[in-house]
Amino acid sequence: MPLNYSKWDQLELSDDSDIEGHPNVDKRSLIRWKQRDIHEKREARKLRIAALQAEIACNDVLAPRLRRIRERLTGEADADESRTTEWAEDSEDVRTLSGLPLFQHLVERLQTSPSSAKPPTNAKDQVTYDGMVLSLLLQIHDETKVLPTDEQEKAILSCLDRHISQLLEHTKQLEKELETEVREQKKHITSEDIKEGWENKYVPPKPAPPPIKGASSEAPKKKKTTTTTTTAYEVLNPGASSSATAQPTAPTSPAEANVDEDDDDEELPELTPALTQFSHLPLGDYEGSFSFIQQNREVFVPGASDALLVAAFRAQMDGKAKYAKQCVHQSLLLQYCDKLGKDGVRVFFQKMIGGDKRAIPVFEKDVEDTYAHVVRRAEAAASSSEATHKEQIQLVPENPNATLSLNVPDGPPPDDLRLEGPGTEGLNVEEVRRALTMRWQVFESFPEPLKVALKEGTLEAVNKVLGGMEVAEAEDVVSKLDMTGIMNFAEGGIRDETANVVEAAEADGDGGGD
C-alpha cells in the first residue's frame with residue numbers, strides 16, 4: 001500500500017537548510033529571527049481569531065434586540081414575546097406604548113436602570129449590551145430631533161433599519177475574515193494540533209516486595225575447598241614405622257581458617273511496619289490474617305517468619321508474654337503457607353477458616369510447643385546475663401594489718417555542746433555543731449543496710465553493701481563518707497584501690513624476682 005506523506009507538507013520549519021540571508025549575518029541568527037517571526041505571527045493570528053469570534057458573538061446578541069425594538073415601535077411585536085424578553089418587567093401601560101413615546105421610554109429606562117449583562121471578554125471597562133443599545137438610540141435621537149414631530153417616528157424607523165442592515169453586513173464580513181484566518185491557521189502543523197491517537201490501558205504488575213533485611217538465604221553456602229599437594233616417597237619397608245617419612249602438610253591460610261566467621265556476623269532480621277501491624281493481630285483470627293496478607297504483599301516475603309520469631313524472643317525477654325505468643329502464632333502461620341507450595345496461602349486459610357478438625361489441632365500444638373521453646377530460651381538468656389560480671393566499687397585498706405575505725409554518729413549533737421581536750425582551743429562551737437549535724441543528716445540519708453554495715457565497723461560489711469549498688473550510687477556514698485569524716489580516705493588508712501590491684505600484684509612479682 002502506498003504511503004501518503006502529503007500532510008507533512010504543512011510543516012513550517014525555522015531551520016530550513018535552504019535558507020539564504022545576508023553574508024554578514026550568521027545563519028543561527030537568521031534561524032532565530034525566523035523562528036521568532038513565526039511565533040509572533042502565530043500568536044497575533046490567535047488573538048485576531050479570538051477578537052473576531054467575540055465581536056461576532058456580540059453582534060449576534062445586538063441584532064435581535066434591535067429588531068425587537070423596531071417591532072415594538074411599529075406595534076408588530078407579539079404580546080407573548082413581550083412578556084418573555086427584556087420587556088417582561090414593563091407594566092401594562094408601558095406595553096401599550098408605541099412609536100415616539102415608546103422610543104423616549106426606552107432611552108430613559110436604559111439610562112436609569114441598565115442591565116449588567118455584557119460580552120464575556122477580559123477587556124477592561126467592557127461596555128454592557130444595554131450601554132451599546134443606548135449609545136445607538138442616542139445617536140438616532142440626535143439625527144432625528146431636528147425634524148418635525150410628525151416626521152421623527154418615520155426617521156427613527158429608517159435609522160434603525162439602516163443600522164440593522166449595516167450590523168448584519170459587518171457581521172458577514174467578520175465571518176469571512178474569521179474563516180480566512182482559521183484557514184490560514186490550519187495550513188501549518190503546530191504543537192497545539194497534537195492529539196492523542198490511541199491509549200494503552202495496560203498497567204504492569206507491581207514488582208515483588210524485597211525480602212526482609214538480614215534474612216538468611218535459603219540456598220546453602222558453598223564451603224571453601226582447598227587443594228594440597230603432597231609428595232609420596234617409596235620405601236623398601238613400608239610397614240616399618242621408623243622408615244616412614246613424615247609427609248609435609250600445607251599450611252592453612254587465614255581465609256581457610258575463617259570460613260565460618262561470616263556466620264557469626266549475620267544481621268538479625270527486623271520487623272517492618274507492615275509486619276509490626278501483622279504481629280498484633282489476635283490469636284485465631286485467620287480471616288483477619290488472610291485479609292491482611294492479601295492487602296500487604298510485603299508481609300509474605302523471605303525472612304518475615306524469622307523476624308517475627310526474633311520479635312517474640314525480645315518480647316518474652318521484656319516480659320510481654322501475650323505479644324510474644326502472638327508473634328510466634330503469626331510466624332508459624334507464614335511458615336505453613338510457605339511449605340504448602342505456590343498456592344499455600346489460599347490452601348492454608350481455606351482449611352483454617354473452614355474449621356478443619358485435623359489441621360487446626362496440629363497448628364495450635366505447634367504454636368504452643370514453639371512458644372514454650374521461646375520461653376525456655378528467654379529464661380536461659382536472662383540467667384546467663386545475670387551471671388555476667390558486674391562493675392563494683394570496693395574499698396581496700398593501705399595496711400592489711402591496720403584496724404578500721406569509723407566515726408559513726410550515734411545521734412544529733414547535744415544542745416550544750418562543749419569542746420574539751422588538747423587541740424580544741426581555736427575551734428568554734430557553732431561550726432563544730434554544724435559539722436556534726438551535717439554528719440548525722442548524711443548518715444540518716446543512707447539506706448538501712450549501709451547504716452547497719454557502718455555500725456558493724458568492718459570493711460567487708462561496707463564492701464558487701466557497696467557491691468550491691470550501682471557504680472554511680474556507690475561513688476556518691478563513698479564521696480559522702482569522705483566529706484562527713486565518717487570514713488577518712490585521705491589519711492585515715494582507707495583508700496579506693498579497685499583499679500590498682502593488678503599493678504600492685506605486678507610490683508610484688510618484680511620485687512620477688514630480684
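Predicted model: local features only at pLDDT ≥ 70, side-chain atom pairs only at ≥ 80, totals over all residues.
**Exercise 1. Work out which parts of the chain the salt bridge between Glu-177 and Arg-48 ties together.**

Step 1: Start with the pair itself. Glu-177 and Arg-48 form a salt bridge through their side chains, at 2.4 Å from N to O.

Step 2: Find the helices. Glu-177 sits in helix H6 (residues 149–185) and Arg-48 in helix H1 (residues 27–74), so the bridge ties together parts that are 129 residues apart in sequence.

Step 3: Check the accessibility of each partner. Glu-177 is partly exposed at 27%, and Arg-48 is partly exposed too, at 33%.

**Exercise 2. Find how Arg-183 and Glu-179 are placed in helix H6.**

Step 1: Take the distance. The closest N and O atoms of Arg-183 and Glu-179 are 3.3 Å apart, and the two residues form a salt bridge.

Step 2: Count along the helix. Arg-183 and Glu-179 are four residues apart in H6, so about one helical turn separates them.

**Exercise 3. Say which residues are linked with Glu-444 in a network of salt bridges.**

Step 1: Begin with one bridge. The side chains of Glu-444 and Lys-451 meet at 3.8 Å, N to O.

Step 2: Widen the view. Glu-444, Glu-448 and Lys-451 are linked in a network of salt bridges.

Step 3: See how open the ends of that bridge are. Glu-444 is partly exposed at 38%, whereas Lys-451 is buried at 11%.

**Exercise 4. Work out why helix H17 is largely enclosed by the rest of the structure.**

Step 1: Count the buried residues. Helix H17 (residues 459–467) has nine residues, and seven of them are buried.

Step 2: Name them. They are Leu-459, Ala-461, Val-462, Asn-463, Val-465, Leu-466 and Gly-467.

Step 3: Conclude. H17 is largely enclosed because seven of its nine residues are buried.

**Exercise 5. Describe where Thr-128 sits and what its side chain lies beside.**

Step 1: Locate the residue. Thr-128 is in the loop between helix H4 (99–112) and helix H5 (129–144).

Step 2: Look at the side chain. A polar atom of the Thr-128 side chain lies 3.2 Å from the backbone nitrogen of Gly-131.

Step 3: Collect the contacts. Not counting residues up to four places away in sequence, Thr-128 touches Ser-115, Ser-116, Ala-117 and Lys-118.

**Exercise 6. Classify two aromatic pairs, Phe-290 with Phe-349 and Phe-348 with Phe-363.**

Step 1: Get the total. The structure holds eight aromatic pairs.

Step 2: Take Phe-290 and Phe-349. Their ring centres are 5.0 Å apart and their planes are at 25°, so this pair is stacked. The pair joins distant parts of the chain, with Phe-290 in helix H10 (residues 286–295) and Phe-349 in helix H13 (residues 344–353), 59 residues apart. Phe-290 is partly exposed at 21%, while Phe-349 is buried at 1%.

Step 3: Take Phe-348 and Phe-363. Their ring centres are 5.5 Å apart, with planes at 65°, so this pair is edge-to-face. Phe-348 is in H13 and Phe-363 in helix H14 (residues 359–386), 15 residues apart. Both Phe-348 and Phe-363 are buried.

Step 4: Join things up. Ring pairs link Tyr-286, Phe-290, Tyr-336, Phe-348, Phe-349 and Phe-363 into a cluster.

Notes. Residues numbered from 1 in each chain as written. Heavy atoms only, no water. Salt bridge = Lys/Arg side-chain N within 4 Å of Asp/Glu carboxyl O. Helix = DSSP H or I, 4+ residues; strand = E, 2+ residues; numbered from the N terminus. Buried < 20%, exposed > 50% of the residue type's maximum accessible area, 1.4 Å probe, protein only. Polar contact = N/O pair within 3.5 Å; in protein donor to acceptor, adjacent residues only side chain to side chain. Contact = heavy atoms within 4.5 Å. Phe/Tyr/Trp six-rings, centres within 6.5 Å; stacked < 30°, edge-to-face > 60°.
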